[in-house]
Amino acid sequence: MGVTVLQQFPIETRTGPSTIELLSKRISALGAVQQGQFLVDCETYTSTPALGHQRTVHVLHNSEQPATVFSILETGQKTIPLATDGLFDLLMMKMSGFYTSKKQTKAESKGPRYEIGDFCVKLGTVTVSQNFKGILVEVEYRPSVVPALCWELMREFLQGFLGSSVPATPPAYLQNRMQELYTPMDTIHQYLEQFTIFRKSPGLRP
Amino acid sequence: MQQREEKQLESSLESIVQRVNDLKSSIASMIFKVENEYETLNWPTFLDNYALISGQLTSLSKVLSHDKCPALRSLTVLPLMLSPERDDQLAQLTEHRVTTFAHDLVPDYLRTKLEPMAENKMMQLEHKASTLTYDNAQKQITAYQKVVSHVWELVNKAKEEWEVESTARGSTQQNSSVADTHLLVAAVGMGKGLKMGTAPNGQPSQTSGGMMVAPQGRPGGTPGQGSLPPNTQAMTMNKAPSAIKTNIKSATQIHPYGR
Amino acid sequence: MTSPGTAIDSLNAALKCNIIPNQEYLLQGSVLDQYVEVLLHRLRGLCDNVDSGPESFHDHELYFVLRATNTGGPMVLPLRVRRALDVPDAPWQLRYVGQQELGDKNRPTVVRSSIDMACSSTIVEFLTELGCRVEFEYIARGYMFRKGRMKITVSKIFKMGNIANKSGEGVEPISQSYLVELSVLAPSGQDAIAEDMRIFAEQLRPLVQLEKIDYKRLGNLP
């Protein structure tokens, strides 16, 4: 468990698979070794009108924490995170009368997972209801749990293989939490932020 | 005639062997249980095993005392040849307990008379009995009978007391109250007597229009025990000490021996 | 290397193989306060955790209900949240308990569906904002025993004082008895366990009568 930074990588004129291939080559050239695949998915449920003002529950899974289900509830004023065992999905099925999912919003990011020294790099192909939307690069620096202490280092590392697409400032979600202890839930928040952006963006050719 | 006897002997031997084998296997399984499952073994299964063995013993003695069973004691087994060599067939037959049919083992296995020492002792006792005068013997018998009948009385008395107590316990002693069970289950399951007038965070939810039902069954302040009639409560209080006494006794009695 | 399947896929696979323990077999009873020591002594002898002794617990349970009226009529989803007052760092517990089925006379225990999971302490705020309302709450304090897959709890139930106190102090017991529950969580269809429970309950008689209790009939309790 360390600090994770998630960012989009522009695909410009390339296709999705060729972009992943390009990044794989670059990271492998640095000495990274592929260690399996990863998958982060997100299903979004909204409250039925009978429950009053609309609320949204995002249910996310991360293959890095396979026994946990992460949920984020958005009420409009508040955002409440919840971590539970895997059976929470079963409970959501019980709630189908109160909260319903829009099938066309199911988002996921999946692809190869690399390890290189203290870093773990994941190159994710993002799809929203099976439509290709873009590329997300996740980098985790494992020895530290305080973002402020390792952001500079991580930015340098990111620039090493992503080049100029790396922003100068940390992701918006992290900016308010630079001095706090980082938890897996923070990674989930970053994914949700990105998925929300992708859902609004128009589709791309794969 | 002889053929029939032989047949009878064969069939009764067969049934005796079978019963002895049954007995042997259940003793073996009991030993196995005691040695290997002593952590999980419970009284009921142990007693079941014991009952099984005692049943098998009874059926064995029934076979032995049956009319059709020939008098085994009138038959002799003659060892024709002893050999210090290992006899594989014998070993197999006896589950490797006896491997040779040799002079040091045969007298023990084929003995039909008592051991010489025991025989001597019996002779001495019989001699002593025959020299006893009639009056003396009679005296000893009455003294002995007196002791036995006294013990018999003691045991009977204890048994009676025990029975009276256990029937009394069955009808009067109460360790739990059905009303309390229902009260607790209704409270934990449906919130009976636990419901609050207001939500704990005092935040009325706009969807829950008809939900804030005033809790029922709350006369005054304390629900549950407070609503009991006062005399019932006093009664249970008074009864408590005596009930504790009986209960300590009964706890030892409910030991699986009672089953 | 194959890519990991989605969590929903593996959950569905687990559902199909019927390995999710989502059924609770339950028997309930009670014992008067003055005999609870005798019962604990008996349980200590009968149950598995002989060496370590019984595990004590001191829990706070909140009963939430999610309600709404749809075109199909009113919908109700009850959810229970439990937290250990004596182990503040322990995960909280979220639990859905379905309608109980008494079944016919031959069925030895009550069976009800149950979804049981550990969760983070944000659960109360999460459920409240989700639209759930707290219907009632109580403190349960007592001992837990295990016997194979069976769980036996002996607990005193306390009503929260009017000034709800976080540490669980200043509460009053609701009866002069301890609640005794014998339960097993198992995948559906494992009815053999119910028979084991019946036999175990038999061994606690006459100290405790563990029975199938019909909630519907308790509805008319004074």
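## Where two helices of chain B meet

Let's start with a helix pair. On the α1(B) side of the contact sit B:Ser15, B:Ile16, B:Arg19, B:Val20, B:Asp22, B:Leu23, B:Ser26, B:Ile27, B:Met30 and B:Lys33, and they meet B:Asn49, B:Leu52, B:Ile53, B:Gln56, B:Leu57, B:Ser59, B:Leu60 and B:Val63 in α2(B). Sorted by class, this contact has 10 nonpolar, 5 polar and 3 charged residues. Keep in mind that everything here comes from a predicted model.

How do the two helices sit against each other? Two packed helices are described by the angle between their axes and the distance between the axes. Here, helix α1 (residues 2-36) of chain B and helix α2 (residues 43-64) of chain B have axes that come within 10 Å and cross at roughly 165 degrees. Angles over 145 degrees count as roughly antiparallel, so α1(B) is roughly antiparallel to α2(B). As for handedness, the crossing of α1(B) and α2(B) is left-handed.

## The rest of chain B

Zooming out, chain B has 8 helices and 0 strands. Going along the sequence, the pattern of chain B reads α-α-α-α-α-α-α-α. If you take the contacts in chain B between residues at least 6 apart in sequence, 56% of them join residues at least 24 apart.

## Chain C: helices and strands

Chain C has 5 helices and 9 strands. Their order along the sequence of chain C is α-β-α-β-β-β-β-α-β-β-β-β-α-α. Of the 222 residues in chain C, 36% are buried. Among contacts in chain C with a separation of 6 or more, 65% come from residues 24 or more positions apart.

## How confident is the prediction?

For the model as a whole, the scores are ipTM 0.87 and pTM 0.64. Chain C has an average pLDDT of 84, and 91% of the residues in chain C score at least 70.

Which elements of chain C have the lowest and the highest mean pLDDT? The lowest, at 74, belongs to helix α5 (residues 215-218) of chain C, while strand β9 (residues 177-186) of chain C has the highest, at 93.

## Where chain A touches chain C

Now for the A–C contact. On one side there are 33 residues of chain A, and they are in contact with 27 residues of chain C. β2 (33-47), β4 (68-74), β5 (79-85) and α2 (88-94) of chain A each supply at least two residues of the side that touches chain C.

Which element of chain A gives the most to the side that touches chain C? That's β5(A), with 6 residues. By class, the side of chain A that touches chain C has 15 nonpolar, 11 polar and 7 charged residues.

## Two positive phi values in loops

Most residues other than glycine have a negative phi. A couple of residues here go the other way. A:Gln130 has a phi near 70 degrees, which is positive in a residue other than glycine. You'll find A:Gln130 in the loop between β8 (119-128) and β9 (131-141) of chain A. Is A:Gln130 buried or exposed? A:Gln130 counts as exposed because there are 8 C-beta neighbours inside 10 Å, and the cut-off for exposed is 12 or fewer.

In chain B, B:His96 has a positive phi too, near 65 degrees, again in a residue other than glycine. B:His96 lies in the loop between α3 (88-93) and α4 (106-109) of chain B. With 9 C-beta neighbours inside 10 Å, B:His96 counts as exposed.

Notes. Residues are numbered from 1 along each chain as its sequence is written. Chains are lettered from A and ligands numbered from 1 in the order in which they are written. This is a predicted model: local features need pLDDT of at least 70, side-chain atom pairs count only at pLDDT 80 or more; totals for chains, interfaces and linings use all residues. Axes are lines fitted to C-alpha atoms, for helices over the stretch in contact, and angles run from 0 to 180 degrees between N-to-C directions. Helices (H or I, at least four residues) and strands (E, at least two) are DSSP runs, numbered from the N terminus. Angles under 35 degrees count as roughly parallel, over 145 as roughly antiparallel, 65 to 115 as roughly perpendicular and the rest as oblique. A crossing is left-handed if the near helix is turned anticlockwise from the far one by less than a right angle, and right-handed if clockwise. Two residues are in contact if their C-beta atoms, placed from the backbone, lie within 7 Å. Ala, Val, Leu, Ile, Met, Phe, Trp, Tyr, Cys and Pro count as nonpolar, Asp, Glu, Lys and Arg as charged, and the others, Gly among them, as polar. pLDDT is the predictor's confidence in each residue, from 0 to 100. A residue is buried if 20 or more other C-beta atoms lie within 10 Å of its own, exposed if 12 or fewer, and partly exposed in between; C-beta atoms are placed from the backbone.
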